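Me: Hey, I've just opened this one and I'm new to it. Can you walk me through it?

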Amino acid sequence: MGLSFSAALAFAVTVVLTLTLRPLALRLRITDKPGGRKQHIGEIPLVGGIAMFIGILVAAMAAVQPMGRWTLLVPAALLVIVGVIDDRYNVGVSVRLTAQICAALIMMIGGGLYLRDVGDPFGTGLLGLGIFAIPISVLVALSVINAFNFIDGIDGLAASMALIALTAGALATGLRASAVSVAAMACGATLGFLLFNFPAFRNRHLRTFMGDAGSTLLGFIVVRFALSISQGADRSLSPVAALWFALMPLSDFFSCFIRRVARGKMPLHAGREHFHYMLMRAGLSGRQVLAVLVAFSVLYAAVGLIGASQKLPDWALFAPWFTLLGLQHFIIRGLAMYLRLRRWRASQIVVEMPASVAATHSLMRRSRPLAARQRNGQGHPVGAVRAEELSPNGGSIFPAPPHDSKLPLGHPVSTSSVSSRPPRVTVRSAPRI
């Protein structure tokens with residue numbers, strides 16, 4: 001009852017505030033404007049992060065148990081405030097990093113939530129961190145927070161990843177840990193935001209982004225929840241099992257980080273190396289990219305859940321997790337190459353016709369006036385014929401391969417690498433037998 005009430009309250013407050021803050025955001029220019037990498041249509045309000053935070057705030061204040069609410073709300077408020085300022089004025093990486101470090105320290109020192117050990121990833125016994133606990137915990141918190149910030153590139157992606165991680169962590173505890181109430185509030189607020197951000201046709205006129213305020217807030221809540229259920233004497237699962245719940249955001253983050261450093265670029269600046277950009281350049285739409293990445297995330301979260309429920313040793317979970325962390329970029333890249341090859345093959349359609357039919361068709365085409373040929377054939381080269389001209393009833397007997405020419409919903413991407421030319425249909429004379 002308590003979890004359901006907290007989630008429902010956070011959901012309702014987030015929905016109401018999103019609707020209320022949209023006109024104010026448009027008036028104050030707290031919007032995401034198209035241009036450069038961003039090719040969406042119109043200015044989109046960036047109020048999702050504010051609405052989600054206030055939804056979690058109201059639900060936390062209404063909760064019966066304190067559950068360390070101040071060590072949750074104070075650092076979360078700091079991240080949201082700095083995120084809103086960055087969304088409006090673009091304050092820069094150094095200010096954002098400072099705010100994230102301060103938020104992590106408040107959580108760790110004030111709430112006692114930090115990595116005391118990392119489990120037994122190498123099969124040599126429990127690996128404690130000792131005096132390095134706080135510094136390593138700060139690095140882990142920064143990695144998770146920025147991982148969710150990085151993956152917020154298309155509609156519904158960052159919110160869906162957070163929802164999967166929080167739900168999987170709550171299920172791994174059997175819904176018994178006290179920290180599950182925080183996950184329930186965050187899930188309710190995230191679902192309320194997804195009503196305005198999930199790529200669907202019916203919510204286009206209410207489309208809303210979460211901005212840096214929302215993505216860093218979700219990353220902070222995920223890392224705080226993971227620490228609360230994987231540390232201490234009464235932990236609900238191993239830290240290694242918890243890593244599976246955020247494998248997709250972390251693999252995208254480290255892949256971009258390493259590639260940018262190798263090219264001499266600033267690792268935390270915006271770029272186009274993310275998994276969702278790779279798949280979009282291969283021709284997938286925003287909804288298709290969301291489906292692919294969410295499927296990967298659900299699969300990895302299921303592995304973590306199975307490992308936690310079956311009490312698998314940490315080393316048996318850490319070895320495949322670390323392998324996938326390094327190979328995920330190549331998995332996505334291989335999938336993108338396969339999609340490009342498939343689209344290229346679909347564009348190379350060859351139609352074999354009997355010699356008599358090909359000669360008749362060629363004679364008919366030569367008898368047409370030039371203007372009519374250009375108007376009806378739309379500039380196809382001589383010797384080529386559209387597939388719909390070969391059907392006796394005017395329909396297409398060889399339908400063209402699907403090509404989504406619409407801009408994806410969310411952070412857009414260049415479609416220069418996707419061919420927009422119609423399939424090449426060549427008429428050949430079949431050999432006489």
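This is a predicted model: local features need pLDDT of at least 70, side-chain atom pairs count only at pLDDT 80 or more; totals for chains, interfaces and linings use all residues.

Me: Ok, and which helix is Leu-166 found in?

Reply: Leu-166 sits in helix H6.

Me: Is Leu-166 buried or exposed?

Reply: Buried, because its relative accessibility is 2%, and the cut-off for buried is under 20%.

Me: How far apart are Leu-166 and Ile-221, in sequence and in space?

Reply: They're 55 residues apart in sequence, and their C-alpha atoms are 8.7 Å apart in space.

Me: What about the rest of H6, how many of its residues are buried?

Reply: 14 of the 16, so H6 is largely enclosed by the rest of the structure. Its length works out too: at 1.5 Å a residue, residues 157–172 should span 22 Å, and the end C-alpha atoms are 22 Å apart, which agrees. Just after H6 comes Gly-174, with a positive phi of about 75°.

Me: Switching topic: how do H5 and H10 cross?

Reply: The axes of H5 (residues 133–150) and H10 (residues 247–262) come within 8 Å, crossing at roughly 90°. The two helices are therefore roughly perpendicular to each other.

Me: Which residues meet there?

Reply: From H5 you get Ser-143, Val-144, Asn-146, Ala-147, Phe-148 and Phe-150, and they meet Pro-249, Leu-250, Asp-252, Phe-253, Phe-254, Cys-256 and Arg-260 in H10. By type, that contact has nine nonpolar residues, two polar and two charged.

Me: And H13, where does it bend?

Reply: At Leu-327, by about 50°. As for length, the 33 residues of H13 (residues 314–346) should span 48 Å at 1.5 Å a residue; the end C-alpha atoms are 46 Å apart, which agrees.

Me: Which residues of H13 are buried, and what covers them?

Reply: The buried ones include Asp-314, Leu-317, Phe-318, Trp-321, Leu-324, Leu-325 and Gln-328. Their cover includes H9 (239–243), H10, H11 (275–281) and H12 (286–309).

Me: Why would residues three or four places apart in a helix point the same way?

Reply: An α-helix has 3.6 residues a turn, so residues with that spacing point the same way.

Me: Last one: how many helices and strands are there in the whole chain?

Reply: There are 15 helices and four strands. Of the chain's 433 residues, 49% count as buried. Among contacts between residues at least 6 apart in sequence, 74% join residues at least 24 apart.

How values were computed
Residues are numbered from 1 along each chain as its sequence is written. Side-chain values use heavy atoms; hydrogens and water are left out. Axes are lines fitted to C-alpha atoms, for helices over the stretch in contact, and angles run from 0 to 180 degrees between N-to-C directions. Angles under 35 degrees count as roughly parallel, over 145 as roughly antiparallel, 65 to 115 as roughly perpendicular and the rest as oblique. Contact means heavy atoms within 4.5 Å. Ala, Val, Leu, Ile, Met, Phe, Trp, Tyr, Cys and Pro count as nonpolar, Asp, Glu, Lys and Arg as charged, and the others, Gly among them, as polar. The expected span of a helix is 1.5 Å times one less than its number of residues. The bend at a residue is the angle between axes fitted to the seven residues ending there and the seven starting there. Buried means under 20% relative accessible area, exposed over 50%, partly exposed in between (1.4 Å probe, protein chains only).
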